[in-house]
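This report walks through one protein model, part by part, for a reader who is new to structures. Please keep the sequence and the three-dimensional view at hand while reading.

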Amino acid sequence: MEAVADGGGLPPSSFERTGWVDVSHLIEAACADLQEGELIHGENFSLFAAMSALEIMDPKMDSGMESVGYRSVEEAIGDGAAPVNLDVQSTIDVMDHLLACEATWHKGHSLAQTVYSCIYLLQIERTSSHALLHSYCRIIHATCNALISAVSDARTHEEEDLFVMAYGLPMKREGDEKCLSILNSVEETINRQLRASKAPSSKKKILEGEESLQTNPDLEEGYCKAILSRLRFRKHFFHVLGCMRKPRGTGLELARKHIVSCLAELARVRKSSEFLTSTSYLPHGDDLEEKTTASGCNAVGFDVNINCRMLAPTPPRAIKILSWKKAIEYFEKLLHSLDVICSLHLDQMLEGVLHFVVQFQLSQPDLVARSYMQLLLVQDGKLFGRDPIIDVISRAAALPELSKNQEFQKTEFVVQLGKLVVNLLKVLCTNAAWQRRKLGKILQDWSVTSVQLELALEKEYKEVSNVSFDESSFIDLSKRLLAWAEEQTYWIASRFLVLGFELELYSSSEYCMVYWYMYIIYIRQLEIAQLKIVYNSDNSKRKGKKKRDCSKEAARDAQISSSILLLQCYICLSEGLAMMLAALSNEHKAFQPPNAFNTEEERFIQHFELLQRAHVPSHISYYLFKEWIAPARNAGVMKDNYFRDVQRISTLLRSRIPEDSEKLTEIRQIEQVAEHNRIAVNVINQARSYGSSLRVSFEFSQHPFFAVAVVKRS
């Protein structure tokens with residue numbers, strides 16, 4: 001339909017000049033032709049635009065039109081939706097449903113539609129006559145505040161904006177600091193009732209003054225245990241959050257003790273389900289897997305839409321609350337993640353810290369755990385809140401005593417390096433997708449820093465330093481710092497590439513170029529590591545180290561040599577896989593990239609553009625890649641024995657590391673990848689000799705980012 005301009009001599013607006021055409025039939029045709037997971041590609045609609053588009057029916061992206069429920073808290077209370085005089089069974093149901101709501105909130109849904117869908121929490125004062133319910137609501141409220149504070153301070157909530165949004169809810173209340181004392185008082189009362197329920201009839205007369213939870217004495221013990229386990233879990237969990245926020249990691253040991261208690265209480269909570277379901281009188285055959293309470297009954301006092309009309313920003317669509325069993329599983333995983341954080345040794349080198357965080361991320365920790373990891377790592381601009389970043393850099397780069405000069409530490413360039421390290425630690429604590437995107441962005445900063453380092457250090461040091469210095473010492477300092485900065489740059493680049501496998505960003509037709517780029521990166525990392533050994537050796541000879549210092553450096557050299565051997569394994573695996581894939585493409589026309597939407601060169605740019613912008617490494621291009629893989633043949637892969645070299649180097653590496661080292665797992669995985677691929681190359685070569693046709697695929701069954709070839713007859 002074409003719009004027509006109004007009269008009056010006014011020129012038609014752009015809207016009025018627009019022609020509208022019905023394209024419903026085109027959309028229907030596209031939907032019928034597209035398979036699940038496929039996207040329509042257009043010149044002005046990129047993959048990023050598609051991922052950012054509105055996802056219909058997703059409660060976190062599509063607000064929907066649902067409008068049922070109460071219009072206000074007062075209306076709900078007046079209608080009797082949240083009675084205060086609850087019996088013990090109903091009270092436990094409220095506690096369980098709140099736990100499920102809390103887990104759902106942690107998973108990224110809004111606070112207003114999860115935890116604060118509880119009418120009792122919106123008006124806690126109403127529950128003061130019910131001591132048990134009141135104490136539980138108080139501790140839930142205080143816990144939510146603690147978590148919001150932690151995630152906000154860590155700024156990891158960028159990936160889940162909904163987590164820290166309070167929507168104007170009454171989050172700050174008087175008396176929050178007394179939540180533990182109120183809970184302890186209720187816990188002691190329930191504990192006395194438990195002892196009374198266990199006492200023989202002769203002792204029951206003495207304890208007959210205790211008020212029971214309900215009228216059936218045979219059920220009293222079960223109800224008391226169920227309530228105590230829930231109260232104690234909340235208490236210990238609140239202590240965990242508080243201990244982990246203590247400065248300089250001073251509360252980690254105590255936090256681990258509370259984590260053990262939390263897990264023990266969660267096990268008791270889980271066990272209480274048997275008792276509660278037996279007393280709930282549910283119809284036989286009811287499915288408890290999707291229920292939000294241990295008893296299987298619906299909890300009173302909740303309305304997921306009660307905040308929608310009061311708070312405009314809240315999405316009006318009701319969300320699905322996690323089941324009670326899934327909530328228990330979530331908190332168990334969270335506690336295990338927090339325990340791993342508390343196990344971090346605070347006196348290790350930066351390299352060890354980076355390795356720890358990368359290993360921690362392999363378990364895919366949730367937002368809360370990653371926030372507490374970041375809060376531990378970076379406090380007041382210092383590592384663990386106690387080690388100045390320049391000292392951390394000095395130890396990591398093995399800088400000479402000259403680096404301790406105060407004027408040197410205040411130079412603009414050294415300060416910039418410190419900021420880059422802090423930013424790197426924070427980035428590593430984000431989720432995998434955000435981490436990869438941010439690593440690609442900060443890579444250019446590290447690259448520029450590496451390029452400018454030597455000139456900037458010399459210029460700024462001479463301008464601000466008031467002390468004389470040995471020119472050879474200064475040159476040694478600049479070389480070491482330059483090598484260290486470049487080492488971190490290439491470590492970031494390798495991490496960037498590896499995350500692509502974790503996020504499944506590469507197709508099988510792109511594995512060849514990815515492994516080739518990884519091979520180039522690992523080669524440069526090896527060169528830098530060898531350069532550092534030369535610097536250490538020259539410095540030791542020049543200074544004439546004492547016997548004690550020599551023993552320390554010998555241990556350090558042994559560690560460096562094991563790192564070099566591991567890098568050599570990575571180099572052989574990457575080169576071998578790239579050549580193997582190139583040979584399959586050249587000889588068997590396997591893994592040929594489809595040309596439906598973009599060319600292989602465009603995909604090369606798409607995957608490595610951020611590395612290319614940062615010149616990591618320099619003079620690397622798609623044409624160099626094509627030139628490198630052009631002569632690849634399966635016979636050449638067999639002749640060069642890349643995978644046999646991996647097995648030889650890994651045997652030597654085993655002799656350089658302790659039996660209890662974490663690297664043993666990595667070595668075993670590498671050996672398995674090398675063995676499987678060595679056999680696959682032989683099978684492919686034999687089949688080629690006999691003219692047999694094979695189908696080759698790659699899977700990651702042995703290692704997270706080094707693929708294993710699977711050969712089958714087609």
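## Elements and the chain as a whole

Helices, which are runs of at least four residues, and strands, which are runs of at least two, are taken from DSSP and numbered from the N terminus. The model discussed here is a predicted one, and in it the protein chain has 25 helices and five strands.

Of the 714 residues in the protein chain, 49% count as buried. The chain exposes about 35,800 Å², and carbon and sulfur atoms supply 52% of that area. Among the contacts in the protein chain with a separation of 6 or more, 77% are made by residues 24 or more positions apart.

In sequence, Asn 298 and Val 94 are 204 residues apart, yet in space their C-alpha atoms are 8.7 Å apart.

## Helix H6 and the residue after it

Helix H6 covers residues 131-154, which is 24 residues, and from its first C-alpha to its last it reaches 35 Å, close to the 34 Å expected at 1.5 Å a residue. This helix is mostly covered, since 19 of its 24 residues are buried. Just after H6 comes Arg 155, whose phi is positive, at about 60°.

Thr 104 belongs to helix H4, which spans residues 88-106. Its relative accessibility is 1%, and because residues under 20% are classed as buried, Thr 104 counts as buried.

What does Thr 104 touch, once its neighbours within four places in sequence are left aside? The residues in contact with Thr 104 are His 109, Thr 114, Ile 319, Lys 320, Ile 321 and Leu 322. For Leu 322 there is a further detail, as its backbone nitrogen lies 2.9 Å from a polar atom of the Thr 104 side chain.

## Aromatic pairs and a cluster

A pair of aromatic rings is described by the distance of the centres and the angle of the planes. A search of the whole structure finds 29 aromatic pairs. In one of them, the ring centres of Phe 604 and Phe 625 are 6.0 Å apart and the planes meet at 25°, so this pair is stacked, given that planes under 30 degrees apart count as stacked. Phe 604 lies in helix H21 (residues 600-613) and Phe 625 in helix H22 (residues 622-629), so the pair ties together parts that are 21 residues apart in sequence. Phe 604 is buried, at 1% relative accessibility, and Phe 625 is buried, also at 1%.

Phe 705 and Phe 706 form a tilted pair, with 4.8 Å from centre to centre and 50° between the planes. Phe 705 is buried, with a relative accessible area of 11%, and Phe 706 is buried with a value of 0%. Both Phe 705 and Phe 706 belong to one aromatic cluster, which also includes Phe 501, Tyr 506, Tyr 511, Tyr 515, Tyr 522, Tyr 570 and Phe 700.

## Charges over rings

Two arginines can be described together with a ring. Arg 436 lies over the face of Phe 496, at 4.0 Å from the ring centre. The charged end of Arg 437 sits over the ring of Trp 434, and its distance from the centre of that ring is 5.7 Å.

Most residues other than glycine have a negative phi, and most peptide bonds are trans. Against that background, which kind of peptide bond joins Val 616 and Pro 617? The bond is cis, with an omega of about -15°, and Pro 617 is found in the loop between H21 and H22.

Two histidines of this loop also deserve a look. His 615, placed in the loop between H21 and H22, is not a glycine but has a positive phi of about 55°, and with a relative accessible area of 51% this residue is exposed. His 619 lies in the loop between H21 and H22 as well; although His 619 is not a glycine, its phi is positive, at about 60°, and its relative accessible area of 77% makes it exposed.

How values were computed:
Residues are numbered from 1 along each chain as its sequence is written. This is a predicted model: local features need pLDDT of at least 70, side-chain atom pairs count only at pLDDT 80 or more; totals for chains, interfaces and linings use all residues. Side-chain values use heavy atoms; hydrogens and water are left out. Rings of Phe, Tyr and Trp (its six-membered ring) pair if their centres lie within 6.5 Å; planes under 30 degrees apart count as stacked, over 60 as edge-to-face and the rest as tilted. Buried means under 20% relative accessible area, exposed over 50%, partly exposed in between (1.4 Å probe, protein chains only). A charge sits over a ring if NZ of Lys or CZ of Arg is within 6 Å of the ring centre and within 35 degrees of the ring normal. Contact means heavy atoms within 4.5 Å. Accessible areas come from the Shrake-Rupley method with a 1.4 Å probe; for residues, only the protein chains shown count as cover. The expected span of a helix is 1.5 Å times one less than its number of residues. A polar contact is a pair of N or O atoms within 3.5 Å; within protein, one must be able to donate a hydrogen and the other to accept it, and residues adjacent in sequence count only if both atoms are side-chain atoms.
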